[in-house]
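Please open the model in your viewer and keep the selection panel at hand.

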Amino acid sequence: MEYNFSEFEKKWQKYWLDNKVFASEADTSKPKFYCLDMFPYPSGAGLHVGHPEGYTATDIVCRYKRAKGFNVLHPMGWDAFGLPAEQYAIQTGTHPAITTQKNCDTFRRQIQSLGLSYDWDREINTTDPAYFKWTQWIFIRLYNTWFDAELQKGRPISELPIPANIKQQGSEAVTRYIESKRLAYYDNAQVWWCNHCKTVCANEEVLNDGSHEKCGTKEVERRFLKQWMLRIPLYAERLLQGLDGLDWPAGVKDMQRNWIGKSTGAEVDFEIDGLNKKLKVYTTRPDTLFGATYMVIAPEHELVNVITTEAQKVDVENYIKAAALKSDLDRTELSKEKTGVFTGRYAINPLTGKQIPIWIADYVLTGYGTGAIMAVPAHDTRDFEFAKTFNLPVVCILDPKEADDTLREKVLAGDACWTEDGAYINSANPVLGLNINGMSKQDGISTVIGWLGDRGIGKATVNFKIRDWLFSRQRYWGEPFPIIHWEDGEISVVEDENLPVELPKTDKYQPGDSGESPLANATEWLQVVDKIGRKGRRETNTMPQWAGSCWYYLRYIDPKNDKEPFSKVKENYWMPVDLYVGGAEHAVLHLLYSRFWHKVLFDLGIVSTDEPYQKLYNQGMILAFAYETAAGSKVTSDLVEEKDGKYFHTQTGEELKQIVAKMSKSLKNVVNPDDVVSSYGADSLRLYEMFMGPLDATKPWTETGVKGVYNFLKRVYYFFADTNNIVDGEEDKETLKALHQTIKKVGDDVEDMKFNTAISQMMIFTNHCYKMKKVTRETAETFAKVIAPFAPHLAEELWAIYGNEPSVSLLPWPSVNEKFLVEDVFAYPVSFNGKTRFNLELPVDMPVAEVEKAALAHESSARWMEGKQVVKVVIVPKKIVNIVLK
RNA sequence: GCCCGGGUGGCGGAAUUGGUAGACGCGCUGGACUCAAAAUCCAGUUUCAGCAAUGAAGUGCGGGUUCGAUUCCCGCCCCGGGUACCA
């Protein structure tokens, strides 16, 4: 009676697949549960043990939810556009579609070997023209939508009101106006360019150490190129508000809020001395305007040339040239030293009437606010540093009452910067009738804004950090844009009925250095002529990898529909996604982009929910042990041997330190799921990944840990598959209690995604059964149902051994009978001054007064109370007895 | 710097409306079975002292609240992640 997992696991996987056991259809008579995994990029390396972690968790939830009567949608697919397949094509000439197909096949085989209950009829692939046809279709919807700020809603471009003054200027101006409102637009943009990948990348893909997220090299630089951009900032407020109603990890919500970066403040116009121009700044602290002693504009500010005086021209030009050569990275990383140059001109502080110098400095960013600031050096660290560097005046207007005397004096004298709250000083101008001295910060801000507003030189404003989303790449292996550029300059979208625009056949995948996509070489595909003979050129950029993953959860709902992206009726039934599980690395980008698209589709009436993902859960990373020498150099795992809990180098004998690190080829500590499945079985792999610790924790992989759960599964099999242990008749009372505790604990824990403790409860139950030596058939069958979501192959096998028809996976979850859980006695821990001394078993319904009597009268109490006085006795029924002595 | 997490035995980790710290598993120790080994089963296993009964200490560090703190409050230290001149 061997635990012959390899035999029966294959058998049941085949059974599930052949009988489409987990296929689901929209069925309004049942409650639905849409459970989604972040679909993988099918890399050539195959599945990693990190993948099955999230997949197993969702699989357990899905199997449990089915047993609880839900109609479960649980699909899987491939996010298969992307660079590696294309790099491989450049090196070998193999078409990316072929590589992709092969990788998908590997991934599918590996995933199926884990017994995951996906509905494989819904498998999708972002590179399939039948799929990306609809990605293009959605892009066209974005292109044809504008955002009505008043209604806070996207609307069809045909409904865009054209202002009279624009109309007067003629059709070209109208077109330009419309272009300026579309959610997708084509424009010259200063973009990050990766010399290694030969493509642009989004701001978000450039990490703050200056490396490109995709390839890891630091070969990124700034370039101006014609690019497709999406106006995601228009949805900033909606994206922010929407977070409130979502059941997401607080950290992810914080990161998104941070990324959106809402700030409230005011715009203020400053008169420029000697020019009939105003300089507009954005500030979050208009109440500190009295302390503004100079101004700074970004080197790219549009008024730089106008403002700069003849005398300063050379200096300014040199500075701007130098600033342009610096990447954003240099600008920020070398932030210790502030740089800048005087323009030679002054602005007028509207509250003090004083002339304040206008400087140019690259610590002011062109893309945020108005690209110009009023500097309040006394109360802003950056302004203070700059003022000290260039000897500019510092006027304190907030008396730091909380600071210690030395610091306070320095702040008041302008020798230190104070960024906390304080009491206004020097903040009145009787001539103007403005005085905020003595006011609270809140009143100060609103008073100044009110004053500025009355005079038409300022108003309250909201600003966001989030920028337009760079949405094109100069690569081959991505969705082509359904766009044609005509020779007369017009841009038009491909008609819906002509979608998809497929990728041209080519054998040149190498992108050009100039920012030309490989598609530009596909002459035949490239050239188009319309009905009236006008010549056009197809868009040669392709979409970024985010595109396909922005809406895949919608396609799963109706994956074979060739008339529309999905049926509205089905969408209405299945959406939103009830549980979405994936890695935290997608906390901002994928999840924000996807929410943005979804909101546009919602505004257009294409989807029925405002948000796509109701509950989000991030599984933690699975790491591995690695070894390093005292000097800190890494040693590959094959050169390490263990002796008495210590680790040594097999060749040098040097003692090594065990550390936890990411699995990597270079450390030779990568675990391949295929190996685990063949040595211990899929159920062991599933169970171990769930037993390692909380799902959201990062935790190291250990082989002995796998053996531990493998051992448990063997124990389950040996006991429950041995019909000698399975008897008829009445079940033992303790066993019934243990069983029902287990049903309850496992059910509750699955609902809470606490799989590790659910497994531990099943181990406790199994240990109990070993002690009892036998259980009834009913108990055994019930336990098979309980373990089924975790170890489905084993559960099916046991179910069959008991002579039942498959499948145990389709049976209802056993109900908890509370009557078996009732305790009639409780072992009170009796403590003296908080230290537990002994246990006292008493009936649970014993009145408090009698519990006290019993505790004090107990023989063991005497030695603790000897020579002391009982001050009081604390009794919490069914919890504790604490006797306080003096 | 700022924003999130997190620090519990030799190891992974349990336990928080404040109520027996260390569930469960690994490892280790001992025993049973065996000619022997593997496999399996049984028992023990926070540390220190003790033959033992038992006692003392103990959840990153220092204070505090409480009959009682891993859990709450104040002040620190360390680790992981995110973010960074956003005015």
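Buried here means under 20% relative accessible area, exposed means over 50%, and partly exposed lies in between, with a 1.4 Å probe and protein chains only. Helices (H or I, at least four residues) and strands (E, at least two) are DSSP runs, numbered from the N terminus. This is a predicted model, in which local features need pLDDT of at least 70 and side-chain atom pairs count only at pLDDT 80 or more, while totals for chains, interfaces and linings use all residues. Residues are numbered from 1 along each chain as its sequence is written, chains are lettered from A and ligands numbered from 1 in the order in which they are written, and side-chain values use heavy atoms, with hydrogens and water left out.

**Helix 27**

Select residues 792-801, which form helix 27; eight of its 10 residues are buried, so the helix is largely enclosed by the rest of the structure. The buried ones are P792, H793, L794, A795, E796, E797, L798 and W799. Which helices do the buried residues of helix 27 pack against? Show helix 1 (5-18), helix 2 (50-67), helix 22 (682-691), helix 23 (703-720) and helix 26 (777-787), which are their packing partners, where contact means heavy atoms within 4.5 Å. After helix 27 comes G803, with a positive phi near 85°.

**T145**

Next, select T145, which is found in strand 5 (residues 145-148). T145 counts as buried because its relative accessibility is 0%. Leaving aside neighbours within four places in sequence, its contacts are G154, R155, I157, K181, R182, L183, V600 and L604.

**A charged patch**

Now select K835, R837, R863 and K868, which form a positive surface patch. Patches are made of residues with over 30% relative accessible area and no salt bridge, with like charges joined within 9 Å and nonpolar side chains (Val, Leu, Ile, Met, Phe, Trp, Tyr) within 5 Å; a salt bridge is a side-chain nitrogen of Lys or Arg within 4 Å of a carboxyl oxygen of Asp or Glu. K868 sits in the loop between helix 29 (859-865) and strand 38 (870-876).

**The whole chain**

Finally, select chain A, whose secondary structure comes to 29 helices and 39 strands, and whose C-alpha trace spans about 100 × 90 × 65 Å along its principal axes. Of the 886 residues in chain A, 54% are buried.

Technical notes. Accessible areas come from the Shrake-Rupley method with a 1.4 Å probe; for residues, only the protein chains shown count as cover. Lys and Arg count as positive and Asp and Glu as negative; His and the chain ends are not counted. The place of a charge is taken as NZ of Lys, CZ of Arg, CG of Asp or CD of Glu.
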